[in-house]
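Dear colleague,

Please find the structure below, together with its sequence.

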Amino acid sequence: MSAAAVERPHADRPLIAEANLIMERLPGRRVEIIGGQLLLSPAPDGPHSEALMLFAAPFLQLGLVRPLPGIGLWLPTGPEDYVIPDLSVVDDDYRDHLVENSCYDPACFRLVMEVTSSNWKTDLRAKLASYAKAKIPVYVIIDRRHQRLHVLTDPVRDSYATHHIHTAGELVTLPESVGGKVTLDVAQLLKAGEPRPND
């Protein structure tokens with residue numbers, strides 16, 4: 001069992017202090033620090049949340065892992081870098097891996113998942129590189145803009161050695177390293193995440 005980390009005062013972390021201030025002023029928005037830069041993401045719409053919950057459902061039956069929405073992942077890329085994936089599949093003992101600012105050590109993450117929004121390039125580029133550098137074993141993207149599901153595995157430096165793109169009509173089985181056998185229906189996920197008129 002690892003010792004719990006002691007959080008440093010935010011005064012010693014000016015970007016984190018600014019990020020937390022922005023989140024207080026703009027509830028529902030997600031603020032992250034990647035490469036020493038603040039990134040502000042829009043609040044999720046209903047279909048975004050539907051896709052997330054549909055994706056999370058099979059993980060609830062696995063036992064030794066937990067699918068958790070919106071928990072922080074501490075990045076090894078900078079002194080204040082962290083991201084907040086839409087959904088993370090973490091080891092059951094993730095609480096023992098707190099680093100600071102409600103963010104956890106990448107070692108307890110088995111999978112991260114993003115559902116794209118208006119800032120979709122961040123999920124496909126900056127976050128992809130950050131997750132690979134943090135050695136997150138599996139990264140899944142529900143790409144609503146292009147109507148595809150990306151499954152990335154085998155992190156190497158700032159990318160993934162394996163990147164499969166799936167479309168509606170396919171069933172995708174994730175690596176069992178995520179905690180057990182999970183098969184995804186791509187059409188269901190894409191349909192759940194499809195924005196409706198006026199969304």
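**Findings**

Leaving out neighbours within four places in sequence, Ala134 makes contact with Leu75, Pro76 and Pro106, where contact means heavy atoms within 4.5 Å. This is a predicted model, in which local features need pLDDT of at least 70 and side-chain atom pairs count only at pLDDT 80 or more, while totals for chains, interfaces and linings use all residues. Residues are numbered from 1 along each chain as its sequence is written, and side-chain values use heavy atoms, with hydrogens and water left out.

Ala134 sits in the loop between H3 and strand E10 (138-143); helices (H or I, at least four residues) and strands (E, at least two) are DSSP runs, numbered from the N terminus. With a relative accessible area of 9%, Ala134 is buried. Here buried means under 20% relative accessible area, exposed over 50%, and partly exposed in between (1.4 Å probe, protein chains only). Asp105 is 29 residues from Ala134 along the chain, and their C-alpha atoms are separated by 9.1 Å.

Thr122 is part of helix H3. Its relative accessibility is 17%, so Thr122 counts as buried. Not counting residues up to four places away in sequence, Thr122 touches Leu39, Lys127 and Leu128.

Turning to helix H1 (residues 14-25), its twelve residues should span 16 Å at 1.5 Å a residue, and the end C-alpha atoms are 17 Å apart, which agrees. The expected span is 1.5 Å times one less than the number of residues. Ile16, Ala19 and Asn20 are buried in H1. Down the axis of H1, the buried residues fall within an arc of 95°, so they line one face of the helix; the arc is that of the directions from the helix axis to the C-beta atoms. Pro14 and Arg25, on the other side of H1, are exposed. The cover over the buried residues of H1 includes strands E1 (30-34), E2 (37-41), E4 (72-74), E5 (82-83) and E7 (98-100).

Lastly, the largest pocket has a volume of about 290 Å³. A pocket is an open set of points on a 1 Å grid over the protein atoms alone, where a 1.4 Å probe fits, with protein on both sides within 12 Å along at least five of seven lines; lining residues have an atom within 4 Å of a point. Grid points are joined across faces, edges and corners, and the volume is the space filled by probe spheres set on the points. Of the 22 lining residues, Gly28, Arg30, Pro42, Pro44 and Asp86 are the closest to the centre of the largest pocket.

Yours sincerely
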